[in-house]
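I set out below what I looked up in this structure, entry by entry.

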Amino acid sequence: MRWLWIDRFTAFNSKHSATAVKNLSRADDLFRDHFPGYPVMPGSLILEGLAQTGGILVGEANDFKEKVVLAKISNARFEREALAGEQLTYHAEIVDLRPEGATIQGTVKAGDDLVARAEIMFAHLDQARSAQTFGDQNFVFSGDLRKLLGLAKLVK
Amino acid sequence: MPSREDIYGKVVGILVDSLNVDEDEVKPTSTLQGDLGAESIDFLDIVFRLERGFNIKIPRGELFPESIFQGDPEFVQNGKVTPKGLAELRAKLPFADVEKFAADPQVTKVSDLFTVDMITKYVEGKLKEGAS
């Protein structure tokens with residue numbers, strides 16, 4: 001899987017908060033089409049980066065045993081555009097952590113500028129839907145997402 | 001112990017945030033699914049917000065049971081909830097208006113038991129429990 005929309009964690013406070021950065025490079029494929037001559041980061045992918053930051057924070061809280069899936073985004077607000085060449089800083093704080101899932105409050109900044117903020121709710125797949133089981137293998141945290149935490153330690 | 005009106009006002013605020021509805025759309029008799037458009041994941045979100053907002057603990061399945069009848073023919077026959085099923089509803093959802101539902105107990109209308117008023121009564125009960 002190469003669906004990674006954060007580059008590196010810069011801070012990780014287990015069960016509380018996490019900060020990650022994403023460098024927006026003009027060389028990224030997406031800027032070829034979004035948009036020609038005006039390389040602006042799509043809002044949906046900004047939210048994906050925030051969801052990955054928060055999702056790993058929530059997953060780590062239970063030692064990656066739960067299948068953490070994005071369940072709901074409430075009140076996302078976009079304050080300004082983010083362009084190629086900028087570095088986005090994602091910050092997620094857990095406001096609720098329960099057996100069935102978790103909620104985070106997140107902000108996205110470029111330097112000191114607020115780019116977006118959102119509240120994201122995650123469900124623990126097996127806990128939130130007891131009638132269904134999704135098997136033993138944790139397909140959410142199978143590879144790249146977990147390696148990101150390892151990378152954070154390496155750089156420090 | 002806050003008054004019923006205070007609790008109701010706060011419940012409305014929580015539903016406005018969770019379901020993205022306008023405050024004037026929310027009435028005591030509004031049903032969560034039918035009138036306010038709640039989906040399954042919203043129920044989990046509402047439980048989270050009620051716990052945070054009122055500082056109460058809501059055991060899983062107590063406010064929104066995942067499955068009440070589980071296809072049991074003793075509880076449901078020909079699409080209608082049986083007297084035994086109604087007794088089960090009264091036991092599991094003591095804060096819901098089961099009597100109103102009993103007048104026309106079609107199983108497809110079970111979701112109409114989940115109203116703003118029902119949540120308010122549930123929270124009121126929880127707060128009383130905590131205060132005693």
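**Domains of chain B**

I looked up the domain assignment of chain B and found domain 1 (1–64 + 114–132) and domain 2 (66–112); such bounds come from an automatic or database domain assignment. I noted that this is a predicted model, in which local features need pLDDT of at least 70, side-chain atom pairs count only at pLDDT 80 or more, and totals for chains, interfaces and linings use all residues. Residues are numbered from 1 along each chain as its sequence is written, while chains are lettered from A and ligands numbered from 1 in the order in which they are written.

I read a separation of 21 Å between the C-alpha centres of domain 1 of chain B and domain 2 of chain B. Their contact draws nine residues from domain 1 of chain B and six residues from domain 2 of chain B, where two residues are in contact if their C-beta atoms, placed from the backbone, lie within 7 Å.

**Sheet of chain A**

I then traced the open sheet of chain A, in which six strands follow the order 1-2-4-5-6-3 with antiparallel pairing. Strand 1 (8–13) and strand 3 of chain A are at the edges with a single partner strand each, so one side of each has no neighbour in the sheet. Strands (E, at least two residues) are DSSP runs numbered from the N terminus, and two of them pair if DSSP finds at least two bridges between them.

I followed strand 4 of chain A across both of its pairings listed here. Seven bridges pair it with strand 2 (residues 17–23) of chain A in the antiparallel sense, and K22(A) has L88(A) as its bridge partner there. Ten bridges join strand 4 of chain A to the antiparallel strand 5 of chain A, and a hairpin of two residues connects them. In this pairing L88(A) is opposite A110(A), and D96(A) is opposite T103(A).

**Contact of chains A and B**

Finally, I looked up the contact between the chains, with 13 residues from chain A and nine residues from chain B. Strand 3 (68–78), strand 4 (87–98), strand 5 (101–110) and strand 6 (113–124) of chain A each give at least two residues to the chain A side. Strand 3 of chain A has the largest share, three residues. By class, I recorded five nonpolar, four polar and four charged residues on this side of chain A.

Notes: Helices (H or I, at least four residues) and strands (E, at least two) are DSSP runs, numbered from the N terminus. Ala, Val, Leu, Ile, Met, Phe, Trp, Tyr, Cys and Pro count as nonpolar, Asp, Glu, Lys and Arg as charged, and the others, Gly among them, as polar.
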